[in-house]
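Please open the model in a viewer and follow the stops below in order. Each stop gives a selection and then describes what is found there.

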Amino acid sequence: MKKKKFKVVVKQEWCKSCEICVQICPKKVFVMDHFYSSVRDSNDCIGCLQCEKLCPDFAITVTPIETNDNE
Amino acid sequence: MDYLQYLRKDKMPHIWCDGCGHGIILKSILRTIDTLGWEKDNIALISGIGCSGRTPGYVDFNTLHTTHGRAIAFATGLKLANPKLHVIVVTGDGDATAIGGNHFIHAARRNLDINVIVFNNRIYGMTGGQCSPTTPTLKKSTTTPYGNPDSAFDISRLAEAAGASYVARTTTFHVAKMDQYIKACFLKKGFSVVEAYSNCPTSYGKMNKETGRRGVDMLLYQKDNMVPIEKAKDMSDEELQGKLVTGVFVDRNIPDYTENYSIVKQNSKK
Amino acid sequence: MSEPKKNIKMIQGNTACAEAAIAAGCTFFAGYPITPSTEIAEVLSYRLPMVGGNFIQMEDEIASMGAIIGASLGGAKAMTATSGPGFSLKQENLGFAAMAEIPCVVVNVQRGGPSTGLPTHVAQADVMQARWGTHGDHPIIALCPTSVSDTYRLTLRAFNLSEKYRTPVILLTDELIGHLTEKIELPEPGSIEIINRQKPTVSPEKYLPYESTASLVPPMANFGEGYRYHVTGLVHDETGFPTNDSDKAALMLARLNDKIEKNRDDIVEVEEIHIDYEMETLIIAYGSSARSANRAMITAREEGHKVGLLVLKTIWPFPEKEIQQAMRNAKKIIVPELNLGQIAHEVEWATNRRIPIIKLNRINGESIKPSEIHKVITQG
């Protein structure tokens with residue numbers, strides 16, 4: 001079975017750099033980029049949505065990427 | 001999940017501090033509304049004063065930001081005047097159990113069909129970190145610099161004893177449980193309460209080092225110190241010191257106020 | 001063909017208030033027991049369920065005031081009733097109703113104060129509390145009935161004014177009028193003028209709940225009608241959202257005050273009795289004291305004294321223009337009231353003390369007797 005992929009986006013205008021996502025993500029998808037959280041590599045995302053649900057600032061969205069099995 | 005459809009985007013980003021747990025609770029409320037498919041026009045979100053009090057400003061419902069502690073009183077009138085509205089009260093620990101304590105217990109007693117989400121950060125955040133009715137004994141705040149001499153209210157047990165239909169408690173770390181409890185709360189006929197321990201790094205965390213100073217530290221502290229209510233039953237008071245007991249405190253089917261008042265209306269016409 | 005049968009009843013003022021509320025379309029009452037207003041709650045607990053309305057006895061006075069604001073936002077005409085100590089507690093949310101422009105009616109059956117005071121005795125001690133009881137500057141409407149039928153009529157008017165101007169209205173009655181039983185002819189339901197709040201006609205996207213309209217009273221949508229908006233006690237702009245912008249704050253607060261002040265001619269109601277250019281003595285009175293004043297005036301006039309009476313039915317906004325007009329060539333003014341001169345001071349201000357103002361005050365729980373007013377007319 002092919003691994004599901006996700007698009008992870010940080011809306012930096014709303015990010016308050018609390019670092020919850022950076023420390024909670026089991027796959028270390030996020031890193032701090034100066035003042036804001038940023039996505040290191042969304043290929044590692046397993047779609048657990050912990051970051052999205054625990055981001056108090058509505059700054060993170062995780063959406064599944066439609067993948068074509070023949071790809 | 002598209003949160004933006006429920007937000008007044010021009011009012012964002014919200015006022016809450018970095019690492020504050022209130023946004024996490026708000027998201028859980030919005031996810032639940034989305035799951036239940038409630039129409040925005042049929043939702044009224046009401047608050048009192050304080051950090052939690054700012055919630056209505058950000059959501060695209062019928063929103064009412066009342067006086068300190070009085071949200072439940074306003075909600076009582078609104079729900080009875082328009083029973084088709086889903087009336088959600090968001091309130092804080094001080095708002096709900098200090099200045100608004102009387103309204104909280106009496107709405108529970110008459111089992112009014114409203115949903116109350118208590119954002120319990122165990123401190124007065126908006127005014128700068130004074131102790132609240134849920135600040136634990138001997139913990140520090142800006143008005144208890146040597147430790148709080150008072151005992152804390154157990155909000156969930158208070159609501160249960162006062163007669164609520166549904167009461168559950170969780171923490172801002174345990175979002176899956178929070179979703180589950182808020183959904184049950186929203187679907188329950190009668191007075192239903194979800195108390196969520198929230199993290200206030202700016203005030204509580206700063207003054208009480210054991211929780212950690214940052215929001216994320218406080219979330220992990222909640223994770224480490226959470227005890228399910230079922231397990232807590234077999235633990236001594238000493239073992240429960242500093243623990244956060246969570247779970248469903250009560251879930252019962254009893255007549256709500258409207259049901260009883262409909263009998264009153266029938267009786268009046270005899 | 002015979003005349004339709006008149007609906008004549010012997011009822012007390014508090015009952016008249018409750019019945020008038022039903023006639024005005026009130027469907028929600030929240031209250032807390034307090035002497036001497038309790039009959040209003042008792043009658044409505046009996047009557048409201050009959051007409052499909054809601055009566056709720058709340059846990060305290062503060063909650064009662066909050067509940068009627070919530071009910072009004074939900075589309076109900078809503079009322080609460082209290083007396084001095086409870087009126088003090090209601091001030092917080094009364095200020096909210098003024099600020100957020102929520103129509104509602106607050107009945108205060110005045111009793112002796114201060115504090116718990118004289119619960120079963122009459123006073124008119126809350127005149128200034130009605131005007132300035134809350135923090136901040138906001139306008140208020142307060143009406144003072146002088147009889148049972150007047151209580152009925154002014155309760156209807158209180159609802160109409162609250163709906164018309166999106167404002168709390170205080171029915172400032174007193175223990176004597178509230179507990180007075182006398183004859184009243186109840187109007188036919190169809191003959192009563194009912195004013196309902198103006199609703200928005202624009203689409204929800206264009207709705208500004210606190211818009212500066214020409215009438216100064218923005219249309220009000222009820223919660224659940226598709227106009228999702230924000231209501232707060234914070235200073236807000238036309239959208240209803242809080243603002244710290246001093247220009248917007250000034251604009252909003254100016255409109256809030258102007259909507260009452262600029263419509264004062266519509267709101268103010270006085271009754272002139274025997275006021276003419278021959279008049280030498282003018283009595284200015286309101287509420288139960290106006291009854292004693294009327295009796296004293298009748299006797300004095302029979303004796304040849306040229307005395308007239310101005311009854312203030314609207315006490316706030318203050319009828320200064322009507323007082324100035326009623327003065328005519330009067331040489332003195334008598335103001336009998338059951339406080340230490342709360343309205344007399346306003347009269348001094350309104351008349352610029354051009355003629356002597358004689359205060360006749362009592363705060364011991366008794367009413368002022370006609371003979372006492374008569375004595376001041378003839379000798380004072």
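Predicted model: local features only at pLDDT ≥ 70, side-chain atom pairs only at ≥ 80, totals over all residues.

In which loop of chain A does Ser17(A) lie? Select Ser17(A): the residue lies in the loop between β1 (5-10) and α1 (20-24) of chain A, where helices (H or I, at least four residues) and strands (E, at least two) are DSSP runs numbered from the N terminus. Ser17(A) has a positive phi of about 55 degrees although it is not a glycine. With a relative accessible area of 23%, Ser17(A) is partly exposed; buried means under 20% relative accessible area, exposed over 50%, and partly exposed in between (1.4 Å probe, protein chains only).

Residues are numbered from 1 along each chain as its sequence is written, chains are lettered from A and ligands numbered from 1 in the order in which they are written, and side-chain values use heavy atoms, with hydrogens and water left out.

**The contact of chains A and B**

Next, display chains A and B together. The contact (heavy atoms within 4.5 Å) takes 18 residues from chain A and 28 residues from chain B. About 2000 Å² is buried between the two chains, 65% of it from carbon and sulfur atoms; buried area is the accessible area (1.4 Å probe) that two parts lose on being put together, summed over both. Select Lys27(B), Arg214(B) and Val216(B), which supply 25% of the area that chain B buries against chain A, more than any other three residues.

Now centre on Arg214(B), which forms a salt bridge with Glu19(A), the closest N and O atoms being 3.2 Å apart. A salt bridge is a side-chain nitrogen of Lys or Arg within 4 Å of a carboxyl oxygen of Asp or Glu, and the count between these chains is one. Then colour α1 (22-36), α6 (175-187) and α8 (215-225) of chain B, the elements that give two or more residues to the side touching chain A. Of these, α1(B) gives the most, with six residues.

**Leu138 of chain B**

Select Leu138(B), in the loop between β4 (115-120) and α5 (155-162) of chain B. Its phi is near 70 degrees, a positive value in a residue other than glycine, and Leu138(B) counts as exposed at 61% relative accessibility.

**Chain C**

Finally, select Pro114(C), in the loop between β5 (104-112) and β6 (118-122) of chain C. The peptide bond from Gly113(C) to Pro114(C) is cis, with omega near -5 degrees.
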